[in-house]
Amino acid sequence: MHYRTIEMHEIDRSLFEGSIRHQKVVLCRRRKNDAWVIEPDPFIGALYLSTHSAVETRSL
């Protein structure tokens, strides 16, 4: 295996095709009564970069 530094012009979405980004969320900001509040709403979200926008979530 050969490692090298990639150049800025080589970075684009195609570099991440087939990747899945997982994100564990515990607290969420919500707008309630004209104010932002932080409250618990745990879930795990997955962003499938090959589709650029597909998001899947599941509750914890």
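1. Strands, as the word is used in this note, are DSSP runs of E with at least two residues, while helices are DSSP runs of H or I with at least four residues, and both are numbered from the N terminus. E39 is found in strand 2, which covers residues 35–48. The model is a predicted one, in which local features need pLDDT of at least 70 and side-chain atom pairs count only at pLDDT 80 or more, although totals for chains, interfaces and linings use all residues. Residues are numbered from 1 along each chain as its sequence is written, and side-chain values use heavy atoms, with hydrogens and water left out.

2. On the overall make-up, the protein has 0 helices and 3 strands, and from the N terminus on its elements follow the order β-β-β. Of its 60 residues, 12% count as buried, where buried means under 20% relative accessible area, exposed means over 50%, and partly exposed lies in between (1.4 Å probe, protein chains only).

3. Strand 1 (20–32) and strand 2 run antiparallel and are joined by 12 bridges; strands are taken to pair if DSSP finds at least two bridges between them. The two strands form a hairpin with 2 residues between them, and N33 in the turn has a positive phi of about 50°.

4. Within this pairing, L47 of strand 2 is the bridge partner of R21. The C-alpha atoms of L47 and I20 are separated by 5.7 Å, although these residues are 27 residues apart along the chain. L47 has a relative accessible area of 24%, and therefore counts as partly exposed.

5. The side chain of E39 makes a polar contact with the side chain of R30 (3.0 Å), and another with the side chain of K32 (3.0 Å). A polar contact here is a pair of N or O atoms within 3.5 Å; within protein, one must be able to donate a hydrogen and the other to accept it, and residues adjacent in sequence count only if both atoms are side-chain atoms. Once neighbours within four places in sequence are left aside, E39 is in contact (heavy atoms within 4.5 Å) with V26, L27, C28, R30 and K32.

6. What is the relative accessible area of I11? The value is 41%, so I11 is partly exposed, and this residue lies in the segment before strand 1.
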